[in-house]
Structure formats: structure tokens, C-alpha cells
Amino acid sequence: MSVLTRDEAQTRAQLLDVHHYRVDLDLTTGDETFRSRSTIRFTARAAGDTFVELKPETLHSAHLDDTPLDITTLDGNRLPLSLTEGEHTLRISTTMRYSRTGEGMHRFTDPTDGESYVYTQLFMEDVQRVFAAFDQPDLKAVFELGVTAPEGWTVLSNGITEQQPDGRWQAAPTPLLSTYFVCVAAGPWHTIRTEHAGLPFGIHCRRSLAAHLDADADEILAVTKACYDRYHEKFDEPYPFDSYDQAFVPEFNAGAMENPGLVTFRDEFVFRSAVTVTERQTRAMVIAHEMAHMWFGDLVTLRWWDDIWLNESFAEYMGFQTVNEACSDLFPDTWIDFGVTRKSWGYEADQRPSTHPVAPDPEAVPDTASALLNFDGISYAKGASALRQLVAWLGEKDFLAGINIHFKRHKFGNATLADFIDNLAAATDRDVHAWAEQWLRTTGVDTLTPRLEGEGTQWRLHVDRDGSRPHRIQAGIYDRQPDGELALRERLELDVPQEAPAELTGPRPALVVLNDGDLTYTKLRFDEVSEESALRGLSRIPDALTRAVVWNALRDMVRDGVLAPAEYLDVALAHLPEETELALVQGVLGFARTQIADRYTTPEERPAALATIGEIARALLRRTEDGEAPGLRLTAVRACIDSATTPDKIASWLDEGTVHGGPELDPELRWRILARLAVLGATDETVITAEAERDPSATGQEGAARCRASLPTPEAKAAAWSSLFDSDDLSNYLFTATAQGFWQPEQAELVREYVPRFYEAAVALGDRRGPAMAEAAGRYAFPAYAIEAESLALGESHLTSDTMIPALHRKLVDQLDDLNRALNIRTT
């Protein structure tokens, strides 16, 4: 299959003006394939040769105007076309194959009730798996979709759908859309409909999840309506589509996809088990993120994939900001969670060899395969952080004025970074172009460190910068009170680099926190006095967002080899039992468990690290016995399970069906306990099978696969390996669950023989099953716990393979860099 290059796309865009697609899909032809017919009306501005893309199981016929084309000329995914100047109609009939990997038209059969569902995910190049198209984002057209579906199914699409007298479903014609936004979701959906602002709104899920969607429907719809109203206060352009549906679909590879009028979400957001308020907040943020795309991405679309950050950074920033504004009664401060969970994703990506600018040079994204690699923490979290800094520097009024100019000038069209910056510049006297060069065209993370000079009551605050970007920040100045509280004296507004040091009056501060308020993107260090105050008094800092900034600084210090992992755990033990902000507890425990205990400590040190995490969790359990903080208690229960080094306590919980003092075990907690027992060798296939019968859902199947792969026996590992790499029977989610169970820190010796086998197996898998599965193999099936110099050298020796697809290569580069970092931390 050929990937589309930027040069080819530019050439084709100069030749073609695409007007209209008529797409007819027949989903009644069996479980493996479906029929697809495309009729494309377009104009050739001159005579010339080009191609249309498709990836059929069988190409039945192709006609250009009324002339049949030689279908044997299909070369990979390209059917060549020789055009005369003028109007043309292209008709193509194919049989297409359903996907089990979350790409193209994914088909899923629910094990709970046997019902089947299909949905499309057409991002980048996957529209070609569903219908023939001129597949590039700047060839927008009107789409009309007709779908023949089995009896009892409902068909959803970008526009309002209606069932015709003959049983077919017809979707209303769309406004001008890029090909990758077309969406169909069909099956016996459970649906809740309402109306808001004169538009039909709907939420949809599998029938087996109906009760769970019903339980959360009020919150989901309230968030949706609140965000919709807030965006209409921010944006001059009204919502540009005829309806707003949100479908929670199975085995979805991303968090969600911003298909105009029909957003698809992974259906884990329909919660089957108890969750914390931060997990609900994450769902709300994703709803707001995808809705922001209706304007930035859907109404105004990138011209080429080098500007993907224009979509994702904007939606990421707007998602957090809009939930913070519109849903503050439910979620009072989303930026804490952003700082703890999302920002670290950006920092980590930006310090790897694979880093790239937020807005890469066009030459760095020559084709679609390279573009796919940029959907990472830089395009999302770093880009959103940069926009937050831009708003702090520019002011929200001018920022939104520039955004509205952008929408007005480019609605239903395409735009570039240059367009975006020009439109922002039209709303302000500030030099936005220079800001963009410094922030969007550079890589890496700056580091800011405070330096105090003076004596008595006169002090000068210098900010030393290791890096090149300008920063507008707040510096928090804190004094220690007699009771140990670190009280805020003042917050200083600073521009870095400084024209002159900031003057402080009063005693030397106990603590100086740069970037207090977390308005910029930078790593932080402390002066010597402040570091001691932070380590001793972190829980006595009154503001949760400031505590998040300090915790992130400590995390970075561990990753950079400046703070010992054991010392971080000591700080967590001293302060986390008193922490009131749930997002901080979850973030710190998550880093402690998955990075410090699993990777940054040696096998000899690991039991002590797990014991410390368990001690923190037990302290939180004692604190929450009154039932006043259920989210905190649930987090503590999860940490107790995950850090257990002996099986007795958690096995008793499973046997009794409850944690002493609550909560009762729901499916998520039962599978979590059973997975840990499997790692510890304290369960077997009989118990796993019984639990799978108790929970016959898709999530239960995944839990069973994870548990079976976690069993510490040669037979279990051999069976899991074979299912991962020797056949292609596993769906994307079952592959991920099996891979998650396979490698365990406690089982390093047991699986040592598989470490050298991974690379050739993953390369072959990527070649057979494509980029989504290759990425899954690199992310989940990589031997992350083989933290040895030999493993690093082995992995690096395979990076020169010329048969490795780019998605896998990028993932392995990142994994090997993380492995190298873990080695360095262990030996520092």
C-alpha cells in the first residue's frame, strides 16, 4: 500500500475540485465483509493523471463518467485516473472487509447478548477501507450516505438519519467535510434523545450497557449542554451541523473522535463500576475536547497533517478550560488534573529522541505515515500548555478575538499555521509571529530555577533559565507559620528572561515556587532552602494547584536523577495521607507504582517500595473509614491491591466480595484483585474461568485474558505469546489485555527467553496487521521490565531494521529511551 505524500496531495489539490460523494453501504452481507458503492462528482481544472484511493477486499467495477475502467490497474490502494478538463463522475463498486483492529469499519459482537455493532474510524487513511475517496484533508466535499442495515438496527451518521420505506437508512447531506470525518455507527443501539438550542442531541451505547448509560445520562447531557452553551459565548460562528450525537462504541483505539455531528467515544466512558470524580471529570473534558473540534478541526480543517497540533492543542486547551468554566459545580478545578496527568505526558515526550516541535516544519511531515507519529504528548499536552501560556501573555479577550477571525475567514475550508498566526496577530499589537517561532518551532523543555540574593529584609529574586523560550509566570512567595503552614505572602508576575530581579521586602521566604498557577510549560527546580521546605512541608501548602506544581517538580527531579526514588516515596509517605485533592493522590500513587516501584528501583529495592506504597494506601483507608471521601477510598483500595506482595488480604476481599469497611467489590475491583493474585501465583485457570462466567461481558473477556497471561507458569506464558504473535485472532482490545498481563516485574526470569523474540515478532505483526496493532505491540507487548544494559543494546540493534513500519519504530525509540532512563536512575 502506498502512503500519500505531501507533494502528491498538493498536486492533486491543484488538479481537482471535489464536489459531492454519494456513498451506499450494505451491511447485510455477512460478518466478514460489506458492500460499498461510491459515486464521486468532481471537476478537473486541467487534463491530467491522478488516482483515487481504496483498499477493497474485491474491486468489482469502476466507471469514469460512462466508461468502464480496467480494475486490474489497481496498484495497492491506488486506482489510476486519466482525466480531461471539466466535470466528471466516478463510480466504484467494492466489497470491503470489516476490521477487528479499530480501523476502517470495525465490527464487534457483544459476548453478553450476541448483538453485533459496527462503526467507522476513518482517520488519516482508513476511509479507504470503507469507500473509495480522494483521501486528503483539503479536498472537502458534501457527503450523502445511504446504509442498508439488518432489521432491528439503528444507523447513525454525521447528519440526521431516517429509515426509508424500503428499510434503507438515509443520512442528510453534510456541509463540506474532509474525508476522514465521515462516520457511520450501526447496530441495535440503546439511545437517549433530547433537544437543546433547537437541535436534536443523542447519546448511544450497546444494549448491554443500557443501565449504566441511563445512570449517567443526566450528567453526560448536562456537561454536553453546558459546554455547547459556553462555546456559543466564546465563538461568533454558530455550531455548523444539524445535530449532535455521541456514540460510545466498543474496542475504540482512541479516547474519542470528533466526527462532525457524531462523536464516537470509547465505551469505557460508560462506567460499569465505581469511578472517582477525576475519572468523571476526564469524561467531561473529552466531551468538551471533541465539541471544540466542531469548530477547530471540522469547520476549519488543517490543509496538511503537519498542522495536526492546530486541531489537538486547541481542543485540549479548550476542553480543560471550558469544563473549568461551564461545569465548575461538578468539577471545580480541571487544571490540577491537567498538570498532574496530561502535562507529564508532554514533558516525557519532549525529552525523548523522537521529540518534535509542536508545529513541525512541513519537510518533517512528508507523508501520512510520518504524520501519524505526531499524535503524542507534544501535539496534545505541550501544545495545550503553549496555548495556555499564550493566553496568559496575550490576554483571553485578544486570544478569542483572533480565534473568531480565524473561523470567519476559513469556515468550511482549510487553514495553515501561518493563517492561524496571522489571524491572532490581527487581534493584538503583540508580536505573535515571534512568539510562535520561539514556542511552536522549537523542541525540548526549559528549566527555571529561583536564586535569592540579599540579607535581612531586602531580597532580590533572580530566575535562572536553562532554555530559550520567554515565559510569563507567577512566582509564589511563601512563609512558614508557627503551626508549620506555608502561607502565601504574595504572588509576583514575572517575565522570563527578566529585565531586572524582583525585589522582595520581608524575611527570607521559606519557599519560592516558580510557575505558581502552572501557566507555562517548563520544568522547575528549587533553591536549597525552598527544596527543604517543599520536602518537609508539601502538604502544608494551602493551594492544591501549587501542590501539583511542586509534586510535578519532584517527579521531574526523580526522572532527571536529581532526587532519589526512595526519597520521593518518603515524601509521598509523609504528605499523601493528608492530601485532600484526589487528582494529586491518584497522580502521585500512579507514578510511584508504575514508574518508581516497577522501573526505577532495583529488584532488591522493589519490595520496600511496594511496602511504602501499601503503607500510604492503608493510611488513606483509615482516613476514609467514615465514608466521606468515596473517591479517595476507592483510589486507596486500588493502590492496596496493586502493591500487594502477599495474597492473603486481597484474596479475602475477593472471597468475601467486599473490602472491610467498604466498598463492595464491583467487576473492576474483582478483576483487579484477580490479576494481582495471578501475578503472585495465588490463583489458577479454574478461578479465572469461573470469574469470566460470572462476568460474561467484553470487559470480562479482557480481564480473563489479562489474568491468564499473568499466571507465572511457562505454559501460561507460552500460550499468551502464541495468541499475541502466532495468530491474528485477537481483536485490538484482547491483544492489549493479553500483552498487559504477559510482562510483570515479579516474573523477569520466567519471561527472559521472550525478550530477544519480541523484536522480530513485533515487526512481523506490524507488517501483517498494520499501524494500530503495531503501536499496540510497541506500547503494551514491549519487555519494559527487562531493565538491563543487554536488553537496551538488543533493542537498539533492531532499530536499523528497514522492514519495521514507522508506527512501531517510533514506539520502540520511545520505549528504549525510557528503558535507558530507568537504567540511569538505578545507577545514579
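Predicted model: local features only at pLDDT ≥ 70, side-chain atom pairs only at ≥ 80, totals over all residues.
1. Two strands are said to pair if DSSP finds at least two bridges between them. Strands (E, at least two residues) and helices (H or I, at least four) are DSSP runs, numbered from the N terminus. By these criteria, β25, β24 and β27 form an open sheet of three strands, in the order β25-β24-β27, with antiparallel pairing. The edge strands are β25 (486-496) and β27 (511-514), each of which pairs on one side only. From one strand to the next the twist averages 20°.

2. Residues are numbered from 1 along each chain as its sequence is written, and side-chain values use heavy atoms, with hydrogens and water left out.

3. A475 stands opposite L514 in β27. Helix α12 packs on this sheet and touches β24, β25 and β27; contact here means heavy atoms within 4.5 Å. The direction of α12 makes about 85° with that of β27. Such angles run from 0 to 180 degrees between N-to-C directions, the axes being lines fitted to C-alpha atoms, for helices over the stretch in contact.

4. Helix α12 itself covers residues 544-559, 16 residues in number, and spans 23 Å from its first C-alpha to its last, close to the 22 Å expected at 1.5 Å a residue. The expected span is 1.5 Å times one less than the number of residues. Because 16 of the 16 residues of α12 are buried, the helix is largely enclosed by the rest of the structure. Buried denotes under 20% relative accessible area, exposed over 50%, and partly exposed the range in between (1.4 Å probe, protein chains only).

5. At its start, a side-chain oxygen of D543 comes to within 3.1 Å of the backbone nitrogen of L545. Just after the helix, G561 adopts a positive phi of about 75°.

6. What is the largest nonpolar core made of? A nonpolar core is a set of buried Ala, Val, Leu, Ile, Met, Phe, Trp, Tyr and Cys residues joined through side-chain atoms within 4.5 Å. The largest has 125 residues, and L461, W551, L554 and F735 are those with the most contacts inside it. Helix α14 (residues 582-600) gives the most to this core, with 11 residues. A second, separate core of 124 residues includes Y98, A141, M294 and W295.

7. Apart from residues up to four places away in sequence, its contacts include A475, I477, L492, L494 and V512.

8. Another open sheet has eight strands, in the order β5-β4-β7-β2-β1-β10-β13-β12, and its pairing is mixed. At its edges stand β5 (67-68) and β12 (161-163), each with a single partner strand, so one side of each is left without a neighbour in the sheet. Strands β1 (residues 16-26) and β10 (residues 142-148) run parallel and are joined by seven bridges; F143 in β10 is the bridge partner of Y21. Helix α1 (residues 6-15) lies across β1 and β2 (33-44), at about 100° to β1.

9. Which side chain makes a polar contact with that of N311? Y180 does so, at 3.3 Å. A polar contact is a pair of N or O atoms within 3.5 Å; within protein, one must be able to donate a hydrogen and the other to accept it, and residues adjacent in sequence count only if both atoms are side-chain atoms. N311 belongs to helix α4 (residues 308-326) and is buried, at 1% relative accessibility. Beyond four places in sequence, its contacts are Y180, E258, H293, F296, G297 and L302.

10. One joins V496 and P497, with omega about 5°, and P497 is in the loop between β25 and β26 (502-505). Another runs from G662 to P663, with omega near 5°; P663 is in the loop between α17 (648-656) and α18 (667-679).

11. Positive phi values also occur in residues other than glycine. D65, in the loop between β4 (58-64) and β5, has phi near 60° and is partly exposed at 30% relative accessibility. E251, in the loop between β17 (244-249) and β18 (256-257), has phi near 55° and is buried, with a relative accessible area of 9%.
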